[in-house]
Structures are given as C-alpha cells and as structure tokens.
Amino acid sequence: MVARAYTVAFEGVEARLVEVQCSVSAGLPAFSIVGLPDKAVSEARDRLRAALVAMGVALPSRRITVNLSPADVPKEGSHFDLPIAVALLAALDVIPRDAAEGTVALGELSLDGRLVPVVGALPAAMAAAEADRALLCPRACGAEAAWVGGTQVLAAPDLTSVVRHFTGQAPLAPAEPGEVTHGAAFRDLSDVKGQERAKRALEIAAAGRHHMLMVGAPGSGKSMLAARMPGILPPLAPTEALETSMIHSLAGLLDEGGISRLRPFREPHHTASMAAIVGGGRGAKPGEISLAHNGVLFMDEFPEFPRAVLETLRQPIETGEVVVARANAHMRYPCRFLLVAAANPCKCGYLADPARACARVPQCGEDYLGRISGPLMDRFDLRVEVPPVAYADLDLPASGDPSATVADRVAAARARQTARFSGRESVRVNAEAEGALLEEVATPETEGRTLLATVAERFGLSARGYHRILRVARTIADLDGAETVGRAHVAEAVSFRLSVGDT
C-alpha cells in the first residue's frame with residue numbers, strides 16, 4: 001500500500017504542491033527516488049538512512065520506492081528530505097498515514113536527525129493554507145512561516161520530535177509569528193551639510209515612489225544622501241511585508257527568526273551581472289530588482305553598469321514585474337522598487353571644475369552620460385544636480401529637517417495616497433497611477449495646466465515625461481496637504497524633470 005505526504009516545488013515566488021508517494025514492497029533491497037529529482041534530492045536517501053539509524057530505526061530489507069508527483073516538474077533542493085522521511089515512516093506504519101497525508105512538510109535532515117532550516121518556508125506556508133493542510137518545518141523556519149496565519153505551522157527541532165508528535169507522545173505547539181527588530185539607528189538627513197534641493201528630491205521620491213537620478217562630482221554626497229533614504233521611508237504594511245518576505249525567503253535572506261517590516265535597501269556593485277540584477281542563473285532565482293521589491297534599489301556609478309543591464313531595467317520600471325525566461329524555467333517575479341541612481345557628470349568627474357577637468361570637456365560629459373539611453377533617462381521622475389560642498393561649509397551647523405520630521409511628512413503623504421487608491425489592488429502610490437485614474441487625481445488647476453502645456457511645447461516632452469510630471473506634482477501636493485494640484489506644485493515638478501538634460 002502506498003503512503004503519501006506532501007511538499008512543494010518552487011516556481012518563482014509560487015510554491016506548487018508536490019505529492020510524495022512511498023511504496024515498500026517485496027524484492028531486492030533498494031532505495032530509489034523518482035520524479036525528476038536533482039542531485040540534492042537524490043542524496044536524501046543517504047541522509048534519511050543515517051538519521052533513522054541515529055533514531056534506532058532500521059530500514060527493512062525490502063524495496064523502497066519514492067515518487068515525487070507530478071513527475072514532469074523538476075524537483076530541486078534539500079527541503080525534500082523531511083517529506084520523504086514522513087512518507088517513508090508512514091509506509092512503515094511508524095506514524096499514522098492519515099496524519100502524514102494532512103501535512104505539507106519541508107526541511108533538510110542532518111545525519112543525526114536534526115532538522116536544518118531551508119529556504120522558502122513562507123511560500124510553502126501559503127501553499128499549505130490553500131490546500132487546507134498543516135505545515136511541518138524546521139524550528140528555525142517556524143517564526144517566518146507562521147506569518148501566513150491561514151494554516152497551523154508545526155516547527156520541529158528533529159525527526160524524533162516529528163515522530164513523537166504524530167504518535168501523540170509529545171504534540172508540537174503551533175509556531176508563533178516572529179518579527180525581526182532592528183536596534184541600529186538610521187543615518188540622519190541632518191548629517192548632510194547643504195544639498196537642500198537634493199534632500200527635497202529625496203523626500204518627494206520617498207513619498208510617491210518616484211525614480212530619482214543624482215548627478216554630481218565625486219565627494220558631493222550622492223551616496224551619503226541615498227544611504228539616508230531608509231530613514232525616511234514608512235515601514236512595510238502587513239501585505240507588503242508578506243510580499244517582500246516571500247521573495248527574501250526564496251533567496252535565503254530570512255535567517256533571523258522572522259520577517260522584517262523595514263523596507264529593503266539593495267545596492268549592487270556596478271560589476272554585477274545581468275542575472276544578479278534582473279534574476280536568472282541556476283533555477284532562475286530572483287535578482288536585485290526583485291529583492292528590492294517595495295523598497296529601494298540604489299545603483300551607484302550608474303553609467304558604469306553594462307549597457308545590457310541598464311536597458312533591461314526599462315520594462316520592470318514600467319510594469320513592476322520581471323519575467324526571467326530560461327530554457328528550463330519561466331519565472332515571474334514582482335519588482336515594484338524605487339530606483340535611486342547616482343552618476344558622475346563625466347569620466348573624470350570634474351566637468352564643472354575648470355581647474356581639475358580633463359581636456360575633453362564638454363565632450364567627455366556628453367559621452368559619459370550618453371551611456372544612459374534616452375528611453376531609460378525618460379523613466380526618471382526626478383533629476384537632481386548635486387554640486388560639490390565647499391570645505392568651509394563643512395564647519396557650518398547642521399541644516400534642514402532631521403529624518404524623523406521628514407519621515408512624518410512622507411508617512412502623511414503615503415496615508416493620503418492609501419486612502420485615495422483604496423480598493424485598487426494594482427495602485428498604491430502616485431507613481432503607479434496611469435490613464436484615466438491619473439487624469440482624475442492629478443489634473444492641475446488652470447494655471448498649472450497652462451504652465452505644463454508651455455513646458456511640454458518648449459522642451460518637447462514625451463508623453464511619458466508629461467505623465468511623470470503629473471505624478472510628481474500630485475505627490476508634492478500630497479506633501480503640502482493640498483486637495484488639488486496647483487501651479488506651484490507643477491512648477492516644482494518641472495524643475496526636477498529638467499535639472500539634468502533637456503527633456
């Protein structure tokens with residue numbers, strides 16, 4: 001008779017239910033695993049055999065066959081150890097078969113029977129809830145998986161505890177959701193001397209999730225400003241935290257016993273490959289743009305990134321999702337991130353300083369920033385020139401509002417957007433409004449429309465640029481607490497749009 005247990009196979013951020021069938025039959029002693037397993041899954045039989053010996057359980061001298069169904073779906077990862085063990089123990093009548101069938105399990109076995117944490121516990125809990133089954137996982141994954149709330153999560157320290165639970169000797173208590181608290185203080189905006197215009201742009205970008213490009217000489221404070229972005233962003237809402245944590249769970253980044261409400265801040269190096277930024281590689285794993293979902297992606301030395309990588313960003317910026325297509329995988333990942341890019345004005349970095357600039361000025365600046373294509377540049381809502389700070393200014397007292405004050409204004413603006421877009425699942429912030437919705441919420445007053453029409457005609461704004469100015473103006477109005485978009489809001493949005501380049 002065949003015993004059954006359940007586990008999952010990961011397809012992007014989704015977890016697909018897999019039935020683990022185990023048959024113990026007469027014949028030459030053997031232990032085989034079929035159903036398109038990879039090397040890690042095939043090695044499960046050796047880890048399982050050693051773990052059972054450590055428990056004092058000897059495998060019978062019979063033929064053991066484990067099938068992972070559906071058999072045409074690739075099975076990857078060491079998390080198949082525990083469900084195979086549960087199905088085998090049920091087939092040997094060590095644990096009740098009906099209890100094994102009502103459980104979705106995942107976890108890696110060590111040779112002494114301990115359960116090692118694995119990636120993907122959060123998506124697995126979602127799949128278990130949809131299938132109306134309990135989730136069995138290693139203890140270290142329990143706090144993460146319990147966030148789903150729609151299913152019972154049993155977190156066991158070892159295989160012996162699993163057996164004692166199923167046999168009723170020592171039932172496992174349901175796991176409680178855990179949240180990671182970060183005691184480290186954020187870097188404060190008031191530490192930055194000068195750069196008031198860049199600080200204002202940072203606030204607008206945080207309030208409406210508008211993409212931002214900073215151009216300035218080396219040492220002018222671009223990276224310093226970007227590093228202070230997490231301190232002014234509001235914490236993740238519960239829905240956003242669950243979305244982001246599912247991606248981080250697949251990437252193995254939830255290793256602190258729970259999920260975090262902090263917005264992710266990713267800063268890949270400019271030597272990163274396309275697979276690292278966009279996603280791909282073995283198993284088509286999520287890339288940096290997906291790991292920055294609902295957070296910030298900071299790309300320093302923006303023109304130094306490979307041209308192919310930069311051009312690949314164009315579609316994810318617009319759609320909020322990326323499709324990683326490979327010969328053996330086709331994965332879709334969400335990637336609604338806030339892009340903050342920083343660049344020098346030219347190769348040497350001192351275009352505006354006659355005493356330090358190279359002999360190719362101004363051609364070197366045009367060539368260097370020309371690495372950023374027009375269509376990609378068009379996707380930046382805010383473009384800010386960051387001038388160098390004079391040495392004498394460094395002795396001046398701190399200026400501008402601290403991060404806590406700015407964060408309060410940003411949170412208030414986000415709250416207005418949440419109320420405005422309530423009932424619309426695909427729109428949460430102004431940067432995501434489009435079409436008739438954008439016209440409804442961001443159409444300026446008469447004077448603002450006149451100004452915007454003049455700017456569009458004089459500078460030849462593209463339709464995308466026109467709509468992005470409307471979105472930024474709506475965010476500036478939200479920061480001011482205004483119900484309608486006025487001429488001053490449009491004027492400020494236009495000034496940021498035309499800071500670097502002409503359109």
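Predicted model: local features only at pLDDT ≥ 70, side-chain atom pairs only at ≥ 80, totals over all residues.
Residues are numbered from 1 along each chain as its sequence is written, and side-chain values use heavy atoms, with hydrogens and water left out.

Trainee: Which residues form the covered face of strand β4?

Mentor: Helices (H or I, at least four residues) and strands (E, at least two) are DSSP runs, numbered from the N terminus. Strand β4 spans residues 63–69. Its uncovered face holds Arg63, Thr65, Asn67 and Ser69, and its covered face consists of Ile64, Val66 and Leu68.

Trainee: Does strand β2 run parallel or antiparallel to β4?

Mentor: Two strands pair if DSSP finds at least two bridges between them. Strand β2 (residues 14–25) is joined to β4 by 7 bridges, and Glu19 stands opposite Ser69 of β4. The direction of β2 and β4 is antiparallel.

Trainee: What is the bridge partner of Ile33 in β4?

Mentor: Strand β3 (residues 30–34) runs parallel to β4, with 5 bridges between them. Within β4, the partner of Ile33 is Val66.

Trainee: How many disulfides are found in the whole structure?

Mentor: A disulfide is a pair of cysteine sulfur atoms within 2.5 Å. A search of the whole structure gives a count of 0. Cys137 is in no disulfide, and the nearest cysteine sulfur lies 5.5 Å away, in Cys141.

Trainee: Is Cys137 buried or exposed?

Mentor: Buried means under 20% relative accessible area, exposed over 50%, and partly exposed in between, with a 1.4 Å probe and protein chains only. Because its relative accessibility is 0%, Cys137 counts as buried.

Trainee: Where does Pro70 lie?

Mentor: Most peptide bonds are trans. The bond from Ser69 to Pro70, however, is cis, with omega near 5 degrees. Pro70 lies in the loop between β4 and α3 (81–91).

Trainee: What is the relative accessible area of Asp132?

Mentor: Asp132 is not a glycine, yet it has a positive phi of about 60 degrees. Asp132 is placed in the loop between α5 (121–130) and β8 (134–138). Asp132 is exposed because its relative accessible area is 71%.

Trainee: Is Gln195 buried or exposed?

Mentor: Gln195 is found in the loop between β10 (179–180) and α8 (196–208), and its phi is positive, near 55 degrees. Since its relative accessible area is 11%, Gln195 is buried.
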